[in-house]
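Biologist: I'd like to learn how to read this structure feature by feature. Could you take me through it, with the general idea before each case?

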Amino acid sequence: HASSNTMDGIAQMDGTDHCYTHGGLKGHHSEWDSKIFHYTKYEVLRFLLSNVKWWIEEYKFDGFRFDGITSMLYHSHGIGKGYTGGYHEYFGPDADIESHIYLMLSNDLIHSILPSAITVGEDVSGMPTLCRPVEEGGFGFDYRLAMAIPDMFIKLLKEGTDDSWDMGHITHTLTNRRWKEGVVAYAESHDQAIVGDKTLAFWLMDAEMYTGMSLHTQPQASMCVDRGLALHKMIRLLVLGLGGEAYLNFMGNEFGHPEWIDFPRPENGWSHQHCRRRWDLAEDGLLRYKFFEAFDELMQACEDRFKWLSSSHQYVTVKNSSDKVIAFERGDLFFVFNFHPCQSFSDYQIGLSWNEPMRCVLDSDEGRFGGHMRLEYGHANSFPPLHGVDNRPHSIKLYLPSRTAQVLVKDSLLQGGVRILVSTAFLAGHGLKSSDGLTLKLQEWKDGKQETLPFKFEGGCVELGLNSNATFELEASDGKVLPCKSSKDGLFRVYFPGTYTVSGIGFVQVGEEPSKAKA
């Protein structure tokens, strides 16, 4: 749609109401007060599609989010309609075929110009084939936004306490998506992050975000802050683990931002009070915001290492509303959540697929995340497989402290420690032909003091034995430090056993360089 502003927009640019848009009532969106394009006109298609190409070629855009396309998909614009999933609701006389064809053309053009580009459609109706390729008769989007997920969590926080949450309803909302159509899941929407509603963290902690976040004045968190920190971490991990094939973070949600963003405008008296995100809050070592951000960093690193978003294997084993427990398999990992506000469980038996020991690689109760460190045992020890329960062939018994989440992985995937390689592109960027002479300086803490352990690259690789994580810097033979460009202190970090490659201008990616992997 286009702005109805006739002073500086394209509406009525030739003096009529039907130049680029439909004329009369058909060309007017009653709820948005905007004009609706006439997609069968050649000049309209040329104008819109050339815009798409221009943003890719001139500004090097590598993706597009198509906003509010439910309005385009139907002649009714979806106003006053509810969609239950029946095909008759989507492909009947209300379907706007002209708009459908335009969306197909746009996606086809984008992916023809830039095959790696990503397109995301914002549709609340659940239109089938939205995320199937154009050659299959689909619309060609790569992903759709799972808009029901953030709406659900805000509704839960607004209308009740967490001891009344229905685990079945939560898991249904997170998994209610069409087979083989990619979904972008997110815990907090722009309505909370930008302007309008309260942020997720503010719904959890309210005014205590101003008074209860200091580690200096309040070393022991209040019950409100402790609850808010625990649930905020759990909600984000649950959404990333079960909500879709991609994850969206609106700026600031990663560190529990307390307020929305509201740019200066007449309605707020041109105030600058809320026109920026308070990044400094997460960087202050005396504030608990750092715990939100530290958990987000490890949560993303865990997905980057084990790649569950791209896995087709997903099975919800437990959704027990009495115990407030959710457990599910995703890829090679096993996620377990105990949302109960006060009840912890010992030897809680849960069924799973794998007949091998499982070990914890991430839990929300770790000390570095502001937790109470009740799950340390599972990081150093494996849980043996037991007989089948919950209609699964095998099972394990776990300790589930209240308001905690833990992620377990097959022990066999954690063997071998950490291996570090460097890519040819990284070496070339620093004028090096090989990794010969390169030194990896591992940072470790021993007896309260930091130590640096040097490792020379041999055969293009450094193997750090049984290390499960590593913080290091790279140094050339002339003593020049080759910094990590994606960290503030220039240090490289990996958090889980596996093979990693220092790539590009200086960042760590999981796995070997493709050419080396083939060799």
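Predicted model: local features only at pLDDT ≥ 70, side-chain atom pairs only at ≥ 80, totals over all residues.

Modeller: Gladly, starting with strands: two strands pair if DSSP finds at least two bridges between them. Helices (H or I, at least four residues) and strands (E, at least two) are DSSP runs, numbered from the N terminus. Residues are numbered from 1 along each chain as its sequence is written.

Biologist: Where does His 77 lie, and is it buried or exposed?

Modeller: His 77 is in the loop between α2 (70–73) and α3 (97–113). Its relative accessible area is 17%, so His 77 counts as buried. Phi of His 77 is near 60°, again a positive value in a residue other than glycine. One of the residues in contact with His 77 is His 29 (contact means heavy atoms within 4.5 Å). Leaving aside neighbours within four places in sequence, His 29 also contacts Ser 34, Ile 36, Ser 71 and Ile 79. His 29 lies in strand β2 (residues 28–29), and at 2% relative accessibility it is buried.

Biologist: Now the sheet with 5 strands: in what order do they come?

Modeller: The order is β9-β10-β11-β16-β13, an open sheet with antiparallel pairing. β9 and β13 (358–363) are the edge strands, each pairing on one side only. Neighbouring strands are turned by 20° against each other on average, direction ignored; axes are lines fitted to C-alpha atoms, for helices over the stretch in contact, and angles run from 0 to 180 degrees between N-to-C directions. Within the sheet, β10 and β11 (residues 333–338) run antiparallel and share 6 bridges, and Phe 328 has Phe 335 as its bridge partner in β11.

Biologist: Which helices lie across these strands?

Modeller: α5 lies across β9 and β10, at about 160° to β9. α9 lies across β9, β10, β11, β13 and β16 (404–410), running at about 35° to β10.

Biologist: Which residues of α5 are buried?

Modeller: In α5 (residues 167–175), these are Met 167, Ile 170, Thr 171, Thr 173 and Leu 174. They are on the same side of α5, because they cover an arc of only 160° around the axis; the arc is that of the directions from the helix axis to the C-beta atoms. These buried residues pack against α4 (148–159), α9 (223–242), β9 (314–320) and β10 (325–330). At the N-terminal end, Asp 166 caps α5, with a side-chain oxygen 2.9 Å from the backbone nitrogen of Gly 168.

Biologist: How should I read a nonpolar core?

Modeller: A nonpolar core is a set of buried Ala, Val, Leu, Ile, Met, Phe, Trp, Tyr and Cys residues joined through side-chain atoms within 4.5 Å. The largest one here has 83 residues, of which Phe 153, Ile 170, Phe 337 and Leu 474 touch the most other members. The largest share of this core, 10 residues, comes from α9. Apart from it lies another core, of 27 residues, among them Val 44, Ile 56, Ile 69 and Leu 103.

Biologist: And how many residues lie between β24 and β25 in their hairpin?

Modeller: There are 3, and Gly 504 in the turn has a positive phi of about 55°. Gly 504 is among the residues that Ser 423 touches, and Ser 423 is buried, at 4% relative accessible area.

Conventions:
Heavy atoms only, no water. Buried < 20%, exposed > 50% of the residue type's maximum accessible area, 1.4 Å probe, protein only. Polar contact = N/O pair within 3.5 Å; in protein donor to acceptor, adjacent residues only side chain to side chain.
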